[in-house]
Amino acid sequence: MPIYNITLKDGASPDQLSKAKDDAKNQGGEVKHEFTLIKGFTVEFPADKVTTLETNEHIHVEQDGAVKTQ
């Protein structure tokens, strides 16, 4: 399964963070890491179901990947 970075938009509450994690788990995802400086987490999630995460208006979904500078 691919890994996605989930970050909450500005103004999102801690309850919305908990709900986003619970929603991801309930839909077959596994939280791999929780961020401490920002409200968010990394989740291993079925690619065919990622659109269900993207419908949450309080979060931003981005597939994890390698970053190169040159």
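Predicted model: local features only at pLDDT ≥ 70, side-chain atom pairs only at ≥ 80, totals over all residues.
Reader: What makes β1 and β3 a pair of strands?

Author: Two strands count as paired with at least two bridges between them, and 5 bridges join β1 (residues 3-8) to β3 (residues 40-44). The two therefore qualify as paired, and they run antiparallel.

Reader: Why are β2 and β4 called edge strands?

Author: The open sheet has 4 strands in the order β2-β3-β1-β4, with antiparallel pairing. Both β2 (30-34) and β4 pair on one side only. For β2 the partner is β3, through 4 bridges, among them the one between V31 and V43. For β4 (residues 59-63) the partner is β1, over 5 bridges, and there N5 has E62 as its bridge partner.

Reader: How do you know that helix α1 packs on this sheet?

Author: Helix α1 (residues 14-26) touches β1, β2, β3 and β4. The direction of α1 makes about 0° with that of β3.

Reader: Why is the link between N5 and T42 called a polar contact?

Author: The limit for such a pair of N or O atoms is 3.5 Å. The side chains of N5 and T42 are joined at 3.1 Å, so the pair falls within the limit. N5 lies in strand β1, and its contacts beyond four places in sequence include F35, H60 and D64.

Reader: What makes K21 and E34 a salt bridge?

Author: The rule asks for a Lys or Arg side-chain nitrogen within 4 Å of an Asp or Glu carboxyl oxygen. The closest N and O atoms of K21 and E34 are 2.9 Å apart, so the pair meets the rule. The pair links distant parts of the chain, with K21 in helix α1 and E34 in strand β2, 13 residues apart.

Reader: What makes E30, K32 and E44 one network?

Author: Salt bridges that share partners join the three residues. One of these salt bridges brings K32 and E30 together at 3.4 Å, N to O.

Definitions and conventions:
Residues numbered from 1 in each chain as written. Heavy atoms only, no water. Contact = heavy atoms within 4.5 Å. Axes fitted to C-alpha atoms, helices over the stretch in contact; angles between N-to-C directions. Polar contact = N/O pair within 3.5 Å; in protein donor to acceptor, adjacent residues only side chain to side chain.
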